[in-house]
Amino acid sequence: MLVSIEQGSANPSIATLLLISDALGIGLPVLVDMDRSPGLRVTRAGAAPVLWRGELGGQAVLVAGTDPPDVTELWDWTLGPGESHSSEAHAAGTRELLLVLDGEVELRADQHAEVLATGDSASFAGDLPHGYANPSSARMARFALTVFEPAVGGGAAR
C-alpha cells in the first residue's frame, strides 16, 4: 500500500492514513504535511488537505492539527444529500466532538444514533465504530469535528 501511495496509484482512505501515521508515531497532521511552524499555525482557506471525497459532493478537510504524542485534529466536513461516511474504531481513548454548522447530521456511535440539527453538538467515543450521515434528500450538511487521540505512536491499533 505504501508503495502505491508513493507512486500516486492509490488513494488511501482516512482509516489507512490513520494507521500509517500511528505506526510512524507522528500523527495525521504531520503525515499530510500541514504547516508545522512553532507557536502560531495558520491554515488559509482552501489550503487544507481534503482527505475524503464522497460520491455525492461531500468531503472531509483536515483544517488544523497538533503534534504527538497527544494529537488533536480539527475537521471541516460536508455531506451531500443522502451521503454517509463510516469509520472504524480509532485508538483506545480517542474522543470526538461534533458541531453541526448547517443542515442535519445523523451521528452513529456504536449502537446509538441521534439526528443533530444546525447548532446541535455531541461528544462521543471515537474508539468505537461510528459514522455520520446526511438524512436530507435535498440539502447539504456541514459540521465541524474535533478528534483527540492520546499517546499517538504508542502502538495501539485503530
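These questions and answers walk through a predicted model.

Reader: How many bridges join β6 to β7, and how many join β6 to β9?
Author: In both cases the pairing is antiparallel. The counts are six bridges for β6 with β7 and four bridges for β6 with β9.

Reader: Which residues of β6 sit on the covered face?
Author: β6 takes in residues 104-109, and the strand has one covered and one uncovered face. E104, E106 and R108 belong to the uncovered one. That leaves the covered face to V105, L107 and A109.

Reader: What's the phi of D110, in the turn of the hairpin?
Author: D110 sits in the loop between β6 and β7, and the hairpin has two residues between its strands. Most residues other than glycine have a negative phi. D110 isn't a glycine, yet its phi is positive, at about 60°.

Reader: Is that D110 buried, exposed or partly exposed?
Author: The relative accessible area of D110 is 40%. Buried would need under 20% and exposed over 50%. So D110 counts as partly exposed.

Reader: Where in the chain is A151, and what is its phi near?
Author: A151 lies in the segment after β10. At 47% relative accessibility, A151 counts as partly exposed. A151 is a residue other than glycine with a positive phi, near 55°.

Reader: Which residue's backbone oxygen lies 3.0 Å from a polar atom of the N134 side chain?
Author: Leaving aside neighbours within four places in sequence, N134 has contacts including G80, P81, G82 and E83. E104, R139, M140 and A141 are among its contacts too. The backbone oxygen at 3.0 Å is that of L79.

Reader: On to the aromatics: how are the rings of W52 and W77 arranged: stacked, edge-to-face or tilted?
Author: A pair of aromatic rings is described by the distance of the centres and the angle of the planes. For W52 and W77 the centres are 5.3 Å apart and the planes are at 35°. Stacked needs planes under 30 degrees apart and edge-to-face over 60. So this pair is tilted.

Reader: How many residues apart are W52 and W77?
Author: W52 is in β1 and W77 in β3, so to speak in distant parts of the chain. Both W52 and W77 are buried. They are 25 residues apart.

Reader: What's the angle between the planes of W75 and W77?
Author: W75 and W77 are both buried. Their rings make a tilted pair, 6.3 Å centre to centre. The angle between the planes is 40°.

Reader: Which residues do the ring pairs link into a cluster?
Author: A search of the whole structure turns up five aromatic pairs. W52 and W77 make one of the pairs, and W75 and W77 make another. The cluster is W52, W75, W77, Y132 and F143.

Reader: Which peptide bond is cis, with omega near 15°?
Author: Most peptide bonds are trans. P69 lies in the loop between β2 and β3. The cis bond runs from P68 to P69.

Reader: Last one: which residue just after α2 takes a positive phi of about 70°?
Author: Helix α2 spans residues 14-24. Its buried residues include I14, L17, L18 and I20. Just after α2, the one with a phi of about 70° is G25.

Terms used. Residues numbered from 1 in each chain as written. Predicted model: local features only at pLDDT ≥ 70, side-chain atom pairs only at ≥ 80, totals over all residues. Heavy atoms only, no water. Buried < 20%, exposed > 50% of the residue type's maximum accessible area, 1.4 Å probe, protein only. Pairing = 2+ DSSP bridges. Polar contact = N/O pair within 3.5 Å; in protein donor to acceptor, adjacent residues only side chain to side chain. Contact = heavy atoms within 4.5 Å. Phe/Tyr/Trp six-rings, centres within 6.5 Å; stacked < 30°, edge-to-face > 60°.
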